[in-house]
Amino acid sequence: MHRRLVVGMFCANAGAILAGIACGGSPTGEPLRATPQDGAASTPASVGFAAGGPSGTFPASANSLEGAVPPAPADFQAPPGDPADGRFVAPLAAWTALLDGFGEARRDGLIHGGLDFGLDGRASSPVKASCAGSVIVARSDDSYGLHVTLDCGDGWTTLYGFLGSIQVKAGQRVARGAVIATSDSTGGKLHFQLAYAGVPVNPEAYVDFGTAPRPTPTPLPATPVPPSAAVTATDTPGSGAATSVAATATDSPTTPNPAATATRTP
């Protein structure tokens with residue numbers, strides 16, 4: 001396996017906090033920004049919005065190492081989760097498609113360890129900390145591009161990959177919901193990963209991501225009312241002429257017909 005990939009996966013381990021600090025951060029303290037080569041070999045093009053809902057798969061994902069991790073050990077037991085309990089919040093305010101899901105096959109027997117959210121038309125979106133915690137990684141590698149990993153406590157970590165810039169550094173404490181980065185300026189995607197005891201789990205079991213917004217339909221232009229409709233608007237019921245929609249729209253459903261009550265026989 002590529003040496004940089006091994007280092008990146010080791011640094012993301014929840015138990016390797018000291019190693020994570022050694023792996024992250026800018027020596028100048030300035031926000032890290034993506035360079036053209038960051039993740040270039042492992043960041044495929046967006047596939048956009050799939051018909052019928054926000055789903056899809058990158059072309060040739062099975063041959064990629066993007067977001068690749070080993071499958072969970074057979075005896076691994078993740079804690080039960082409830083997306084509604086609010087422990088973790090979604091890292092994005094809005095997104096356009098779910099591109100690659102958790103557990104999808106990668107080469108060399110690996111799997112996709114997180115969720116890839118499409119951001120077509122939402123370049124440089126703010127990325128929020130899904131949990132309160134400490135930054136243990138803030139750097140770039142071949143597996144996640146420019147990325148941040150947070151130690152959320154109690155064995156949990158979150159990872160935010162393929163970023164455009166980073167506003168935090170290793171060792172820094174952050175609040176849940178605080179902006180820690182921006183997404184790629186090209187509007188590609190955000191890779192989000194949630195792990196327990198160093199083992200990635202399906203984030204959908206613990207985080208309420210909502211749904212991808214669908215395009216707003218363009219309203220049809222108003223249909224002109226033909227002159228004949230204005231004439232039928234004055235027709236009275238029982239005259240033999242059809243009552244127009246315009247006339248009936250103004251009728252009160254609770255007001256009796258005066259003509260009918262006048263001819264009623266006791």
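## A buried pair: E66 and K189

In this predicted model, E66 and K189 are both buried. Their side chains form a salt bridge, with the closest N and O atoms 3.1 Å apart. E66 lies in the loop between α2 (17–23) and β1 (68–69), while K189 belongs to strand β12 (residues 189–196), so the pair ties together parts that are 123 residues apart in sequence.

## Other salt bridges

The whole structure holds six salt bridges. One of them joins R106 to D100, at 2.7 Å from N to O. R106 is buried, with a relative accessible area of 5%, and D100 is buried too, at 0%.

R107, at 39%, counts as partly exposed.

## The disulfide

Now for the cysteines. A disulfide is a covalent bond between the sulfur atoms of two cysteines. The model has one disulfide, which joins C131 to C152 with an S to S distance of 2.0 Å. C131 sits in the loop between β5 (126–128) and β6 (133–141), and C152 sits in strand β7 (residues 145–153), so this pair ties together parts that are 21 residues apart in sequence.

The link of C131 and C152 is left-handed, with -65° about the S-S bond. Both C131 and C152 are buried.

Technical notes:
Residues numbered from 1 in each chain as written. Predicted model: local features only at pLDDT ≥ 70, side-chain atom pairs only at ≥ 80, totals over all residues. Heavy atoms only, no water. Disulfide = S-S within 2.5 Å. Helix = DSSP H or I, 4+ residues; strand = E, 2+ residues; numbered from the N terminus. Buried < 20%, exposed > 50% of the residue type's maximum accessible area, 1.4 Å probe, protein only. Salt bridge = Lys/Arg side-chain N within 4 Å of Asp/Glu carboxyl O.
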